[in-house]
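Here are my notes on this one, in the order I'd walk through them with the model open.

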Amino acid sequence: MPELPEVETIRRELSSELVGQQIKSVQVHRPSVVHEDPVSFSHSLANRSFKQVQRKGKYLIFGFDQGPDMLAHLGMSGKFILDSSDSPELQPHDRVVFTTHQGRLVFSDSRCFGFLQRAKDMENHPRLARLGVDGLDPRLSATDLKKSWGKSSRDIKTLMLQQSPIAGIGNIYAAEILFAAKINPATPAKRLKLKDLQRLIGETHRILELALTHNGTSISDYRRVDDKTGEFQNFLQVYGKAGEPCPLCKQPIERLVQSQRSSFFCPQCQVL
DNA sequence: AGCGGAACCTGTCGGC
DNA sequence: TGCCGACAGGTTCCGC
């Protein structure tokens, strides 16, 4: 589900609404989504207060007034929902519920690819150690990309999804960024020159920023913490649009499977 | 080392 | 109506 703009939207909303709230209790309804002993997890988080919410790539890191941080990933269908109702009913996909003095924070995830886990040493967490430069980070450089990709004959689309050397891009934004940069998703990475990679970085920044401005893309599952949808789905140029005319040249958009994922592109505009 | 493919789990939709 | 396969904003792991 959630790529960088969706996760960052959620981070901002949690940051403004959740910070300062104290946890009364934690109920784990699906132990497998807590990647550690669920009993220790619940016990240790009780009575903690949320202090900050950070993001690295598609991961969220919750900081508390004391004790280890909590790492969270939303997988394909994970959501964080905040509510303040008095007698909320447990929904079928509610996996973990944090009850605070002001309401609840619910981790809901239909497919259970997401997870929560405390970690004392977040800096060296194996999940985070592999991440490259954040997709919104201005320090992202074409030279770094050339260094990582310069000798690879793999297709550029697959490499963009690997979270290194760039972190935060997923299937939707890979398609949109490549369309904007006029690069074919099947192009072997080593064929891209520095100026192509510079353009790719420019479009990465532009598209991710724009999507963030519109609070991300809601296609089916993704919701903001107040259950509202994002709006960037209204601005998609190629993702999910196989058979529809290209917004630039009217040629039909094509679908292609790469690394077991769908890619969408315009065969006429994305020639490189 | 790097690659392709399977696995994790659940839900929805379209075709027969 | 029911069953079956395809597909879905992700990531890790295993075997070659």
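1. A word on terms before the surface: accessible areas here come from the Shrake-Rupley method with a 1.4 Å probe. On that basis chain A exposes about 12,500 Å², and carbon and sulfur atoms supply 47% of that area. Keep in mind that this is a predicted model.

2. Overall fold. Chain A has 7 helices and 12 strands. Its radius of gyration is 20 Å, close to the 19 Å that the globule rule gives for 272 residues, so chain A is as compact as a globular protein of that length. Along the principal axes, the C-alpha trace spans about 55 × 35 × 30 Å. Of the 272 residues, 53% count as buried. As for contacts between residues at least 6 apart in sequence, 65% of them join residues at least 24 apart.

3. In soluble globular proteins, nonpolar side chains tend to be buried together. Here the largest nonpolar core has 30 residues, and those touching the most other members are Trp 149, Ile 156, Met 160, Tyr 173 and Leu 200. Helices α4 (142-149), α5 (156-160), α6 (171-180) and α7 (194-213) each put at least two residues into this core, with α7 giving the most, 7 residues. There is also a second, separate core of 27 residues, which includes Val 7, Ile 10, Leu 45 and Val 225.

4. Leu 200 sits in helix α7. Why does Leu 200 count as buried? Because its relative accessibility is 1%, and buried means under 20%. Leaving out residues up to four places away in sequence, Leu 200 touches Trp 149, Ile 156, Met 160, Ile 177, Leu 178, Ala 181 and Ile 183. For Leu 178, the C-alpha to C-alpha separation from Leu 200 is 7.2 Å, across 22 residues of chain.

5. Helix α6. How many of the 10 residues of α6 are buried? The count is 9, so the helix is mostly covered. The buried set is Asn 171, Ile 172, Tyr 173, Ala 174, Ala 175, Glu 176, Ile 177, Leu 178 and Phe 179; note that Asn 171 and Glu 176 are among them. What do these buried residues pack against? Their partners are α1 (4-18), α5, α7 and β12 (261-265). Just after α6, Lys 182 takes a positive phi of about 55 degrees.

6. Pro 165 lies in the loop between α5 and β10 (166-167), and a cis peptide bond joins Ser 164 to Pro 165, with omega about 10 degrees. Gln 163 is in the loop between α5 and β10 as well. Gln 163 is not a glycine, yet has a positive phi of about 70 degrees. Its relative accessible area is 14%, so Gln 163 is buried.

7. Another glutamine with positive phi. Gln 260 lies in the loop between β11 (254-258) and β12. Its phi is positive, about 65 degrees, although Gln 260 is not a glycine. Is Gln 260 buried or exposed? With a relative accessible area of 79%, Gln 260 is exposed, whereas Gln 163 is buried.

8. Asp 65. Look for Asp 65 in the loop between β3 (59-64) and β4 (69-73). A relative accessibility of 43% is why Asp 65 counts as partly exposed: that class runs between the 20% and 50% cut-offs. Leaving aside neighbours within four places in sequence, Asp 65 is in contact with Arg 48, Ser 49 and Lys 51. Phe 50 is 15 residues from Asp 65 in sequence, and their C-alpha atoms are 6.5 Å apart.

Definitions and conventions: Residues are numbered from 1 along each chain as its sequence is written. Chains are lettered from A and ligands numbered from 1 in the order in which they are written. This is a predicted model: local features need pLDDT of at least 70, side-chain atom pairs count only at pLDDT 80 or more; totals for chains, interfaces and linings use all residues. Side-chain values use heavy atoms; hydrogens and water are left out. Helices (H or I, at least four residues) and strands (E, at least two) are DSSP runs, numbered from the N terminus. The radius of gyration is taken over C-alpha atoms; the globule rule is 2.2 Å times the number of residues to the power 0.38. Buried means under 20% relative accessible area, exposed over 50%, partly exposed in between (1.4 Å probe, protein chains only). Contact means heavy atoms within 4.5 Å. A nonpolar core is a set of buried Ala, Val, Leu, Ile, Met, Phe, Trp, Tyr and Cys residues joined through side-chain atoms within 4.5 Å.
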